[in-house]
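Please look over the sequence and the model before reading on.

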Amino acid sequence: MAVPPIQRPPHQARLSNSWLLDIVLGLLVVASLPLAVVSIPNTLSVVARLLPDDLDQTGLMRTNGLSLPALMLTVPLVAAALRRVPAPHLLLVGLALVALSEAGGGYAGSELLVGVVRVLRGVGAGIILAATLAAVWHRASVLRALWAGTFGLSLLTAQALALWPLDAVSSWRVTLQPYPLVTGVALGLAAVHLVAWTLAGRPAGPVPSVKERGRLLLTAVPAAGIAALAISTATEGWRAVPVMVLAVVAILGLLAMASIGGSESRTSAYTMVAVGAVLLPSAAQVTLVEMGGLGGPGLRGLWVPYVVAGVLAIVASVGVRLFARGAGRRVASLGLLAMVAGLCSVRLVVPSADGMVLTVPFSLLAVGAAVAVTAALQGVGAGAAMSALSLGCAGVLAGFLLGTGVQMAMLDGVRSAQELVDSFVGALHWWALASGFLLVMIIVLAAVMARRPGRGVLADEPEGPEAPPDVPCAGLPPADVLLVRGDGLGGPDGDDEPSTVAIPRIGASVTGPAGGSAAGAGGVPPAVPPQGQSPEDVTSA
């Protein structure tokens, strides 16, 4: 009796190299995500005394802030481009742009060149954010948790990391090239990751569907509007009240955009908007208030709280990913509530001359953000996750606008150094109160909208794959359609939205040895030849 040979699926043959790919990818996430997020803060004012007299300081500070708008617009476009360009290639391109911006920063001597350098860095940072999320999507569970924890930690420490290289510098251009060595290491890891990905058989990553690409491109619209208005506020010298009104309108617009889609995608979008609008603006203000010149411990006294918060955030993210599946919205709400508690502790303990006290607010903010992001991204497909990331990046700028408006209102009429310090602290406390209410509002909004089914052309795809109807073709029997995962691997945890393709399998009736038809009752040949029948015998017959 001839038995058809058992062919090993191609993705099983490639698993021998998957551990190498996962290790390199984990190192790349840890090295590249902070590099991407550290490009957001505008720290040129810290080295303003080093600027040449022939340069327009106000213009340079405006152009130095172009990195965040460029990042916001890049994330949705790169996510949509994943259909044609694999994530490993995009990662290499993004880090190459960051390296190019750091190299060009050493030669920037005009407002135009500073703007070009910062836009290049923002584009590279946006590519890194989207490509790293795509790269970890179908890998080991711990990698997506590592991405979420590192993303939250990067938002928490971005201001401190941007300020660290500026201590006792002799050139203002250091703001344009803060970590060239780390950039080189990350670029080397990206090259190694590309090689490991090739050796592993080029496993396919998540590919947004046509509907998801439409949603991604739609998220670029509010990002472009917020970026244009933010640049206008800096150029035209808007007052505090119009800036705050603009920020509120921007946040409401992002929440309206996040309300498009199904229940799970709405939860992820709300969560990312909340984390983006609150975490980095809050941490940046706390860091500035705790500088040594204002009575705080300075950056040297803040690194222990930052490290503790980072370790707890990554551990909490891994725990949610491994042990809290199926409760995405509830766990995400708990994470946002932890951030609310962190903001309450900011009002209680900041400012403080003892840096260790800040372990409490930093840990609550970082852990809450990591838990919320990890839980929110568990029950959605890759396209919805990318859309949520795009809205979250736009939320960062909206949060900065709101925080800036509060600071402008508090600093108006300041006449002495002590009044300046008191106003900064008062602005931080008012910001903590306002952002805490914003988080609570988003938690309530997510709970209410979770009860409503997704409708419209941008609603989520149905949970399970549906076989297309049989279509007769040229008089042959109807096609036997086999649904398989389009990436050849699928999600390792089984909780991701599968990407399916239809493979038509058309065959004519096959006459067995006894002269009967080998087809089933429906006239469609079986997928595997029946026992006792050799394919070679059938062919020769």
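**Aromatic residues and cores in a predicted model**

Trp303 and Tyr306 are about one helical turn apart, because 3 residues separate them in helix α12 (residues 303-323). Helices here are DSSP runs of H or I with at least four residues, and strands are E runs of at least two, numbered from the N terminus. The model is predicted: local features need pLDDT of at least 70, side-chain atom pairs count only at pLDDT 80 or more, and totals for chains, interfaces and linings use all residues. Residues are numbered from 1 along each chain as its sequence is written, and side-chain values use heavy atoms, with hydrogens and water left out.

**Aromatic pairs**

- The structure holds 4 aromatic pairs (rings of Phe, Tyr and Trp, the last by its six-membered ring, with centres within 6.5 Å; stacked if the planes are under 30 degrees apart, edge-to-face if over 60, tilted otherwise).
- The pair of Trp303 and Tyr306 is tilted, because the ring planes stand at 55°, with the centres 5.5 Å apart.
- Tyr306 also pairs with Phe362, and this pair is stacked, with 4.6 Å from centre to centre and 5° between the planes.
- Phe362 belongs to helix α14 (residues 359-376) and Tyr306 to helix α12, so their pair ties together parts 56 residues apart in sequence.
- Tyr306 has 2% relative accessibility and therefore counts as buried (under 20% relative accessible area; exposed is over 50%, partly exposed in between, with a 1.4 Å probe and protein chains only).
- Phe362 is buried, as is Tyr306.
- One aromatic cluster is formed by Trp164, Trp303, Tyr306 and Phe362.

**Charge over a ring**

- Arg144 lies over the face of Trp137, 3.7 Å from the ring centre (the criterion is NZ of Lys or CZ of Arg within 6 Å of the ring centre and within 35 degrees of the ring normal).

**Nonpolar cores**

- The largest nonpolar core has 137 residues (a core is a set of buried Ala, Val, Leu, Ile, Met, Phe, Trp, Tyr and Cys residues joined through side-chain atoms within 4.5 Å).
- Helix α15 (residues 382-411) gives the most to this core, with 14 residues.
- Leu389 is among the residues with the most contacts inside the core.
- Not counting residues up to four places away in sequence, Leu389 touches residues including Val75, Leu129, Trp147 and Met272 (contact means heavy atoms within 4.5 Å).
- Another core, of 8 residues, lies apart from it and includes Ala316 and Val371.

**A loop residue**

- Gly201 is in the loop between α8 (180-199) and α9 (210-236).
- Gly201 counts as partly exposed because its relative accessibility is 26%.
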